[in-house]
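Please keep the structure in view while reading.

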Amino acid sequence: MGHRYREHVDHHGQRSAGAGADSRNSILALTSRDKINRRGLIVKISIVVPWLCAAGLLVAVVLLFHSNNQKDAELANVSESVHQVEKLRQAMKELETTSATQSNQLAELRNQQGELMRLRNESRQFREQLQQLTKEVQTAQSEALRVQAQAQAAQAQATQLAEAEKQRMAAVNAQAAYEARIKAVVDANLGLGTPQGQAAAACIGNLGQIEGAKQQWALENKKAATDTPTWDDIRPYLGRAAQALSCPAGGTYSINVLTAEPTCSIPGHAVPPR
Ligand SMILES: [Zn+2]
């Protein structure tokens, strides 16, 4: 278009440089040339305008398309956002539910923990009581054992005492019986009221001394029942009695074997058997 304008200006330059007489023709020519130019211009415009319109339309279509796309994208975005919000709400709800459940579970756990503590405490108390009882039982058992041992010892002692008493009574009875027999021997010699009777009693007493010395000698020297001691053997066991050891009636003593009683040569002067 700029080129066309320059051309036009060139015409005017020519015209101003040309002769004045031809100015009318020039104007006519100019007019006709303008007409031609205008027609060309109209033709050009008639070609250009539709293209312009088409271009504008295209741009509009493009813009519209773009806008539509944007709208669609925005719609998608909004839909996505709504979806997200819905999801968030759902998640929130779940979270609330979970939170409530958890708080319930926590309370339950706390209760269970309290119960556990209580049970543990009870268990400890029971254990202590059990230990205490076990100790008491052990003490009672050892006490019972001690008492039982004491009772057994007392029983043994009582048995021993009873046995000793029995032996003592037996010895007492034996002695009484022996003395009774000696009295019978003395009575056979006319009794203690006569010299004969007194001599018999004294002689039986001597024979008893000799028998005692014999038994002591056998015991201390570990002699057998078949051994027979001499006067020298038994003299240490007779002590002071050894000097006055003679029969008032003039009888002679025989010591005899350990299993036999000593005897006097006077008839009736004899220790009765035990
Ligand atoms: Zn005698």
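## Contacts and overall make-up

Two residues are in contact if their C-beta atoms, placed from the backbone, lie within 7 Å. By that rule, residues 24 or more positions apart account for 52% of the contacts in this protein that have a separation of 6 or more. The model is a predicted one, and its secondary structure comprises four helices and two strands, which follow one another from the N terminus in the order α-α-α-α-β-β. Of the 274 residues in the protein, 7% are buried.

## Confidence in the prediction

How confident is the predictor, taking the mean pLDDT of the protein? The mean is 85, and 88% of the residues reach 70 or more. Confidence is highest in strand S1, residues 253-254, with a mean of 96, and lowest in helix H1, residues 2-17, with a mean of 45. Over residues 1-19 the pLDDT stays below 50, and this stretch has two contacts in the model beyond near neighbours in sequence. Where pLDDT is low, the predicted coordinates should not be read in detail.

H3 itself has 26 residues and reaches 38 Å from its first C-alpha to its last, which is close to the 38 Å expected at 1.5 Å a residue. Its buried residues are Ala199, Ala200, Cys203, Ile204, Asn206, Leu207, Ile210, Ala213, Lys214 and Trp217.

Not counting residues up to four places away in sequence, Ala201 touches Val186 and Leu192. The C-alpha atom of Ala201 is also separated by 8.1 Å from that of Lys183, although these two residues are 18 apart along the chain.

## How H3 meets H4

H3 and H4 pack at an angle of about 100 degrees, and their axes are 8 Å apart. That angle makes H3 roughly perpendicular to H4, because angles from 65 to 115 degrees are counted in this way. On the H3 side, Gln209, Ile210, Ala213, Lys214, Gln216 and Trp217 take part, and they meet Asp233, Ile234, Tyr237 and Leu238 in H4.

Ile234 gives a detailed view of this meeting. Leaving aside neighbours within four places in sequence, Ile234 is in contact with Ile210, Ala213, Lys214 and Trp217, and also with Pro229 and Ile255.

## Loops and positive phi angles

Most residues other than glycine have a negative phi, and most peptide bonds are trans. Against that background, Leu190 has a positive phi of about 75 degrees although it is not a glycine. Leu190 is found in the loop between helix H2 (23-188) and H3, and it counts as partly exposed because it has 14 C-beta neighbours inside 10 Å.

Asn256, likewise not a glycine, has a positive phi of about 70 degrees, and it lies in the loop between S1 and strand S2 (263-264). With 15 other C-beta atoms within 10 Å, Asn256 is partly exposed. Just after H3, Lys222 takes a positive phi of about 50 degrees.

## Leu245, between H4 and S1

Which residues does Leu245 contact once its neighbours within four places in sequence are left aside? The contacts are with Asn206, Gln209 and Leu238, while Leu245 itself has its place in the loop between H4 and S1. The C-alpha atoms of Leu245 and Cys203 are separated by 8.7 Å, and these residues are 42 apart along the chain. Leu245 is partly exposed, because 17 other C-beta atoms lie within 10 Å.

Methods
Residues numbered from 1 in each chain as written. Predicted model: local features only at pLDDT ≥ 70, side-chain atom pairs only at ≥ 80, totals over all residues. Buried ≥ 20, exposed ≤ 12 C-beta atoms within 10 Å, placed from the backbone. Expected span 1.5 Å × (residues − 1). pLDDT = per-residue confidence, 0-100. Axes fitted to C-alpha atoms, helices over the stretch in contact; angles between N-to-C directions. Parallel < 35°, antiparallel > 145°, perpendicular 65-115°, else oblique.
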